[in-house]
Amino acid sequence: MAEKVDEKINDNRKKIDENSKNEQLENFRSTDNENKELTTNQGLKMAEDEFSLTAGERGPTLIEDFHFREKMTHFDHERIPERVVHARGFAAHGHFKLYESMKPYTKAKFLQDPKVKTPVFVRFSTVVGQRGSKDTPRDARGFATKFYTEEGNYDLVANNIPVFFIQDGIKFPDVVHAIKPEPHNEIPQATAAHDTFWDWVSQNQETAHMIMWLMSDRAIPRSFRMMEGFGVHAFRFVNEEGKAHFVKFHWKPVLGTHSLAWDEAEKLGGKDPDFNRRDLWDTIDMGNDVEFELGVQIIEEKDEFAFDFDILDSTKIWPEEDVPVKLFGKMTLNRNVDNFFAETEQAAFHPGNVVPGIDFSNDPLLQTRLFSYTDTQLLRLGGPNFHEIPINRPVCPFFNHQRDGFHRQTINKGKVAHHKNAMANNSPQPVSEENGGYAHYQEKVEGRKVRARSESFKDHFSQATLFWNSMSEPEKQHILKAFRFELGKVKDKDIQQKIVDMFANVDTEMATEFGKTLNCTTPEPKKQTITKSSPALSQENTPKKPNTRKAAIVLADGFNGDDVKTTVEALHTAGVTAAVVSDKLGPIKAADGREIEAKHTFLTDGSIAFDAVYVDGGANADKKFEEDAKMFIKEAYTHYKPIAVTNEGKQWLDSQQFADPNTGIMSSESVNNEFTTQFVDAIANHRFWTRQLV
Ligand code: HDE
């Protein structure tokens, strides 16, 4: 029996090695609808699909119309409950490959051999908003990865913020109730900026560190492709010898970690609520790989108590300067889903889906998560068989005595569904640890049953201060602005004051500063316990690359053909996507008669849809065009984006007298190599956050 299973695993592994596609999933992918005959769900071919069956052409509809009833009933039942948190998500397929074997640390089979490609499915999400909300609210982002390994599915259910609101899951319903729309009127949607949330914050000091991240640029990522992912909790790697290390997981985006400007994010929420999902879809659709490196911070078991914070506390990071991230592999996302509902919506992730060699720690937040995911999925996916849905099925064979329940797919043969049995030679039978069976790490635990938290979890402010200290000046300004915005939306004066007083513990000057605009009393000065900073926390120090960024090319008829051609070619060579924006769709004519197609207008897409703007203009631009183009330049300026101008574009820029024309603005009589190189470098720089706006 065990040999047979091994054979199957080997077969499957070969398949996976040959092709990183998830073969198992492929078996369930139906062919497209082309050249098919329309049938009912029973396979009956139907002669008509536009008219229901009626008694006479103007008569009543007949109940015997089984085709109408089946079609309508199915439609009536198309919706399932959305996720209680992380409802709005977007996903893609890909694979994971190791740089080096992690054998010294873990026996997980998919982390042994750099030649093995493990299929993955990743779902990114916002946390608070409903399924139909927007992509760009101020919020944490989910980053959930399912690795389809030969030993079963391993889920790394991560966020783009490395800490969490609370230390114990028993508070999870409270923080979620507080941050979701207020229950009496369901206002506001998809935002933390309201009374119930900040009331909760003021009563839960352990949340201070998370709030600093939430107020920072991390909460408005430019792209799912440009955010870090964090497993948040301490997990354990366990190797073949049974030796364990504490680990924290990190995803590092190859393109670096980049954010939107807050005003840009707000505007995108209205103009393009699908901004982040469109970005991921288009990138993959155009054949560009989306890459993240996977790493772990590793702490020896003997060093569990060697830090000035508790390593099991999910409101704490392990500073990367003290515990470096060891990058050991890369994930490449390269295939969009075929069907959003079947794949993205029905995907069920669970931090408890582990494989031998990966185990838990006693982080109380992790422990409580291990209960919640299956519980909620039983309701959302309608019963206990959601592991059989193609996107959730392991790629290795699975056998046990679980049976029946809603929507059971497997047709189990035979009469034996009990363990132990003699009737079927006690099959399926448990597998020993030596032969690959999962056995929990034998950590020694002892203690009294208590409802209490260890003293070592009680410093709620030092790392929040560390975060603040580590920010660049523009990042600090963004945090202040975020506090002013969020608390400015709070109606209760008392809550505002409590928050100002609470955050004086993080940095008295910071709290005083945002308190001023809220008309709050200056807080009592508090002594900050930490003066150091952690450079890894600032996005200032992230990789900066131009590829896959989007530049708008603003043109009217009569533009300079040579200048535009040279610029567009330089952008393409650097991997930047260039798209023409004009006042109309279709061909725009250069002065020399050449044509280029505009696929965007000022009306369909503002500069918020792009990372950079090049305006050449056009001799035939009318007054209205000129005004629209100036607005385009101005908006890009206020969102700190690179702006390059030639010809009429230069005149339109010069007429505007920006406060700070020295940062990220390229202006030239004509396009040359120096001009395009500067522009590409500026695009790589992402945003010019130091630019003065007034
Ligand atoms: Fe989740 N979380 N969570 N969470 N979480 C869910 O599970 C929960 C936490 C995360 O794309 C739910 O199937 C509790 C931390 C992601 O499908 C639910 C606690 C982190 C996703 C749930 C936490 C996460 C979820 C809702 C505190 C980062 C989306 C639907 C103890 C490490 C997965 C579902 C997807 C989803 C519970 C805290 C990440 C209700 C009780 C910390 C990325 O079960």
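In which sense do strand β12 and strand β14 pair, and over how many bridges? Strand β12 (residues 577-582) and strand β14 (residues 595-601) run parallel to one another, joined by three bridges. Strands here are DSSP runs of E with at least two residues, helices are runs of H or I with at least four, and both are numbered from the N terminus. Two strands count as paired if DSSP finds at least two bridges between them.

Before going on, a word on what you're looking at. This is a predicted model, where local features need pLDDT of at least 70 and side-chain atom pairs count only at pLDDT 80 or more, while totals for chains, interfaces and linings use all residues. Residues are numbered from 1 along each chain as its sequence is written, and side-chain values use heavy atoms, with hydrogens and water left out. The pLDDT is the predictor's confidence in each residue, on a scale from 0 to 100. The protein averages 95, and 97% of the residues score at least 70. Residues 1-6 are another story: their pLDDT is below 50, and beyond near neighbours in sequence the stretch makes two contacts in the model. A contact means heavy atoms within 4.5 Å.

Back to β14. β13 and β14 make a hairpin with five residues between them, and Gly 593 in the turn has a positive phi of about 95 degrees.

Now try another hairpin, built from β6 and β7. Five residues separate these strands, and Gly 242 in the turn has a positive phi of about 90 degrees. Strand β7 (residues 244-253) runs antiparallel to β6, with four bridges joining them, and Phe 235 faces Val 247 across that pairing. β6 also pairs with strand β10 (residues 358-360), antiparallel over three bridges; there, Arg 236 stands opposite Asp 359. Which way do the side chains of β6 (residues 235-238) go? Phe 235 and Phe 237 point one way, Arg 236 and Val 238 point the other, and all are buried. Buried means under 20% relative accessible area, exposed means over 50%, and partly exposed is in between (1.4 Å probe, protein chains only).

That brings us to rings. A pair of aromatic rings is described by the distance of the centres and the angle of the planes. Rings of Phe, Tyr and Trp (its six-membered ring) pair if their centres lie within 6.5 Å; planes under 30 degrees apart are stacked, over 60 edge-to-face, and the rest tilted. The structure holds 38 aromatic pairs. One of them is Phe 237 with Phe 249, edge-to-face at 5.7 Å centre to centre with 75 degrees between the planes. This pair links distant parts of the chain, β6 and β7, with its residues twelve apart. Phe 237 and Phe 249 are both buried. Tyr 614 and Phe 675 are also edge-to-face, because their ring centres are 6.2 Å apart and their planes sit at 65 degrees. Here the link runs from strand β15 (residues 612-617) to helix α18 (residues 673-685), 61 residues apart.

Charges turn up over rings too, counted when NZ of Lys or CZ of Arg is within 6 Å of the ring centre and within 35 degrees of the ring normal. The charged end of Arg 138 sits over the ring of Trp 262, 4.6 Å from its centre. Lys 550 lies over the face of Phe 610, at 5.5 Å from the ring centre.

Tyr 373 belongs to helix α10 (residues 364-380).

Finally, look at helix α11 (residues 462-470). Eight of its nine residues are buried, so the helix is largely enclosed by the rest of the structure. Among the buried ones are Leu 466, Phe 467 and Trp 468. Their cover includes α6 (208-214), α12 (473-488) and α14. Cys 520 lies in the loop between α14 (508-517) and β11 (550-555). Cys 520 is buried, because its relative accessible area is 14%. Leaving aside neighbours within four places in sequence, Cys 520 touches Gln 496, Gln 497, Val 500 and Gly 515.
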